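We will go stop by stop.

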Amino acid sequence: MFLQGEDLRKVFLKAKKERFGIIASNVVFDSTIRGLIEGYNSKKSDGLLQMSSGAVKFASGNLKNMNVGAELISSMIKIISSQYKNSGVGLHIDHATPNYFDFIVYCIENGLVSSVMIDASKEKFEDNVKVTKEVVEVARKYGVVVEGEIGYIKGNEDEIVSNDELYTKPEEALEFVKKTGVDLFAASVGTNHGVTKGSQVVLNLDLIKEIDTLLIKNNVETGIVLHGASGLTAQQQITAIQNGVVKINKDTRYQMEMAEAVQKYWEINKDAIVRPNDVSLEDYIPEKKRFDPRKWLGTAEKSVQEAIESLVEISGSVNKSILL
Ligand SMILES: [Zn+2]
């Protein structure tokens, strides 16, 4: 079922207390949404689906109307998830920069989302605090969860590009959480957005623990979010969770799984749409039952389901749904 903000807050509190992670998965299409919800539900794990600014523009079509795109994605998630009783899923706005402030407010006021991320990490610290606090004030009225960010996360993700890595400073994290009142915040600890090889990642997982310990000591315990986690090993993710991470973002992994599944399908089924050299033009008939999009998109959907099923095993959220 769909989780409103207050329920999602319970999910993160439980995750923090019991030290497991919630996998937040980027979505655009109904295929991804169905695959993910099916997967979370089969493992009795709660989950979070998230939409980037690029995703909502794409979803709305050529007019790129973000409000329309968000309405569509939110409706799909609410309708599809209403069939499943073993897990709750929320909807989150991923990396909304301050220029999308009005979009964030629209989504909150219209009940489209359970949580939002305001990413003003490129602004000066005081400006980041100011705009993040403004989002928290709007969100509070509706029970919506808010994620902020301090420090840059290197790499490319949709409209978010950074060539630099700026590790989050624990003291700055404490000041940020105290001043803004965010429920979650993204820490930069060396992960990269996009495709990375293990050797390119200079991870500092101890930094998560250092930040978490400092927040707890000051009575402002918060959930820490790990972005750019597609390239991490299972053990690295487990350590991050033990150190205080409650939300792990995944985007690239699904894109890769879907592309591979479709590529594999067409490698095997190429003759359904392309005439083999040894068949004459008169004898060749394309095969509708194999080029039906439900067939090849179906393999992509299945691959996403399998991916999330293995991810929740690693993050420890299996059988932990608040609905059970
Ligand atoms: Zn991110």
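Are Lys247 and Glu147 buried or exposed? Select both: Lys247 is buried, and so is Glu147. Buried means under 20% relative accessible area, exposed means over 50%, and partly exposed lies in between (1.4 Å probe, protein chains only).

Before moving on, some ground rules. This is a predicted model: local features need pLDDT of at least 70, side-chain atom pairs count only at pLDDT 80 or more, and totals for chains, interfaces and linings use all residues. Residues are numbered from 1 along each chain as its sequence is written, and side-chain values use heavy atoms, with hydrogens and water left out.

**Stop 1: salt bridges**

Stay on Lys247 and Glu147. They form a salt bridge, with the closest N and O atoms 2.7 Å apart. The term means a side-chain nitrogen of Lys or Arg within 4 Å of a carboxyl oxygen of Asp or Glu. Lys247 is in strand S11 (residues 245-250) and Glu147 in strand S5, 100 residues apart. Helices (H or I, at least four residues) and strands (E, at least two) are DSSP runs, numbered from the N terminus.

The count comes to 19 salt bridges. Next, select Arg34 and Glu301. Their closest N and O atoms are 2.9 Å apart. This pair links helix H2 to helix H12 (residues 293-315), 267 residues apart. Arg34 is partly exposed, at 32% relative accessibility.

Now pick Asp292 and Arg294, joined by a salt bridge of 2.7 Å, N to O. Asp292 counts as buried at 18% relative accessibility. Arg294 counts as exposed at 69%. Then show Glu6, Arg9, Arg140 and Asp183: salt bridges with shared partners join them into one network.

**Stop 2: the barrel**

Switch to cartoon view. Eight strands make a closed barrel, in the order S1-S2-S3-S4-S5-S8-S10-S11, with parallel pairing. Two strands pair if DSSP finds at least two bridges between them. Strands of a sheet pair through backbone hydrogen bonds, either parallel or antiparallel.

Colour S4 (residues 115-118) and S5 (residues 145-150). They pair over three bridges, and Val116 stands opposite Val146. Helix H6 (residues 125-142) packs on the sheet and touches S4 and S5. Contact means heavy atoms within 4.5 Å. The direction of H6 makes about 175° with that of S5. Axes are lines fitted to C-alpha atoms, for helices over the stretch in contact, and angles run from 0 to 180 degrees between N-to-C directions.

Move to S8 (residues 184-187). What covers its two faces? Leu184 and Ala186 lie on one side, Phe185 and Ala187 on the other, and all are buried. S8 pairs with S5 over four bridges, where Phe185 is the bridge partner of Gly148. S8 also pairs with S10 (residues 223-226) over three bridges. There, Leu184 stands opposite Gly223.

**Stop 3: aromatic rings**

The whole structure holds four aromatic pairs. Rings of Phe, Tyr and Trp (its six-membered ring) pair if their centres lie within 6.5 Å; planes under 30 degrees apart count as stacked, over 60 as edge-to-face and the rest as tilted.

Select Phe29 and Phe58. They sit edge-to-face, 5.8 Å centre to centre, with 85° between the planes. Phe29 is in a loop between S1 and H2, and Phe58 is in helix H3 (residues 53-60), so the pair ties together parts 29 residues apart in sequence.

Finish at Tyr265 and Trp266. Both are buried. With Trp296, they form one aromatic cluster.
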